[in-house]
Amino acid sequence: MQREIKNNAKIVDRFLKKYFRNQNYSNLIPAMEYGTLFGGKKIRSTIILNTAKIFNLNFSKVINICAAVECIHSYSLIHDDLPCMDNDKLRRGKPSTHAKFGESTAVLAGNSLLTMAFEIITDKKYKVKPAIKVILLKKLAECAGHTGIAGGQFLDLSYEKRKIGVSKITNMQKKKTGKLFEFCCLAPSIVSRKNNLTKRDMSIIGEELGFLFQIADDLLDIKGSKKNVGKPVKKDKKKGKSTLIKLLGYKKTLEFAFRRKKMIIDKLKKYGNKSKKLIQITDFILDRSY
Ligand code: GRG
């Protein structure tokens with residue numbers, strides 16, 4: 001699985017490098033490239049590519065979706081590391097974008113990655129019908145904005161140093177991390193014009209996968225190493241972050257995560273052999289050490 005994730009990351013990086021090369025040059029490009037290329041698992045792209053397998057979609061129908069999602073994900077990390085947010089100087093084993101380029105450049109590079117994501121979906125070389133592109137754009141905007149990542153980040157910051165219950169933490173993490181994963185699983189079903197029931201199913205699977213990924217991220221903050229995860233560990237407690245671990249403890253959170261994982265896998269099994277790869281990545285998400 002690790003080799004597959006790395007290979008997919010290389011393919012998406014190659015696409016993005018070319019995309020950056022074909023942009024009219026601006027002084028923000030170096031910071032945008034720094035925040036997007038050079039590291040990062042690009043696991044969301046592997047999820048998109050593996051979901052595409054369920055719907056028999058070939059690579060050319062989803063590569064723009066992968067690149068757009070990685071731009072938005074990188075944007076969220078650049079802004080997450082800013083002094084006004086989580087104030088982290090290390091990301092992907094190297095200085096975070098604002099530490100390297102300065103705060104204002106990091107803000108603008110992040111914003112530009114968000115808008116570039118929408119450009120990538122509308123690119124005329126992406127051979128998908130315009131009506132489908134409009135649906136993808138609307139869904140991506142919903143997942144990234146105040147009803148998705150940005151809204152989740154707001155809750156995450158406002159829950160610091162407070163006692164918050166399981167359902168509120170779940171809602172916050174499903175927005176902050178789950179919504180982009182939701183888009184990763186939903187988008188291939190949109191491109192292949194599946195019915196509403198299938199699209200709903202893929203949305204739920206994606207959101208749950210993202211929630212699982214966030215729980216694993218919180219577990220890594222306790223048991224992971226800075227060298228492996230490429231960012232400081234043991235910082236959630238210091239910052240007073242509201243996590244399930246803070247509420248339930250490490251062991252009970254792990255048990256909770258295993259139950260959620262089983263629920264996702266049971267849903268995926270309905271899709272037969274074609275969902276094998278997505279099931280493997282679901283396992284990886286909880287087992288990962290980076
Ligand atoms: C993106 C619209 C938008 C707004 C920004 C700052 C912010 C609002 C949101 C932060 C969201 C955030 C940082 C969620 C955490 C998700 C998470 C677990 C990130 C780590 O993802 P990995 O492990 O990172 O996939 P790599 O480095 O591998 O890419």
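Contact here means heavy atoms within 4.5 Å. Keep that in mind as you tour this predicted model.

**Stop 1: the core.** Select L16, I47, I65 and L136. These residues have the most contacts inside the largest nonpolar core, which has 80 residues. In soluble globular proteins, nonpolar side chains tend to be buried together.

**Stop 2: I65.** Which residues touch I65, leaving aside its neighbours within four places in sequence? Select I48, I121, Y126, L136, F183, A187 and V191 to see them.

**Stop 3: helix α3.** Select residues 43–54. From first C-alpha to last, the 12 residues of α3 reach 17 Å, close to the expected 16 Å. Is α3 enclosed or open to the outside? Buried means under 20% relative accessible area. By that cut-off, 11 of the 12 residues of α3 are buried, so the helix is largely enclosed by the rest of the structure. Among the buried ones are I43, R44, I47, I48 and I54. Next, show what covers them. The cover includes α1 (2–21), α4, α9, α10 (196–223), α14 (250–269) and α15 (276–287).

**Stop 4: positive phi.** Then go to F38, in the loop between α2 (29–36) and α3. F38 is not a glycine, yet its phi is positive, about 50°. Finish at N87, in the loop between α4 (63–80) and β1 (90–91). Its phi is also positive, near 50°, and N87 is not a glycine. N87 counts as partly exposed because its relative accessibility is 37%.

Conventions. Residues are numbered from 1 along each chain as its sequence is written. This is a predicted model: local features need pLDDT of at least 70, side-chain atom pairs count only at pLDDT 80 or more; totals for chains, interfaces and linings use all residues. Side-chain values use heavy atoms; hydrogens and water are left out. A nonpolar core is a set of buried Ala, Val, Leu, Ile, Met, Phe, Trp, Tyr and Cys residues joined through side-chain atoms within 4.5 Å. Buried means under 20% relative accessible area, exposed over 50%, partly exposed in between (1.4 Å probe, protein chains only). Helices (H or I, at least four residues) and strands (E, at least two) are DSSP runs, numbered from the N terminus. The expected span of a helix is 1.5 Å times one less than its number of residues.
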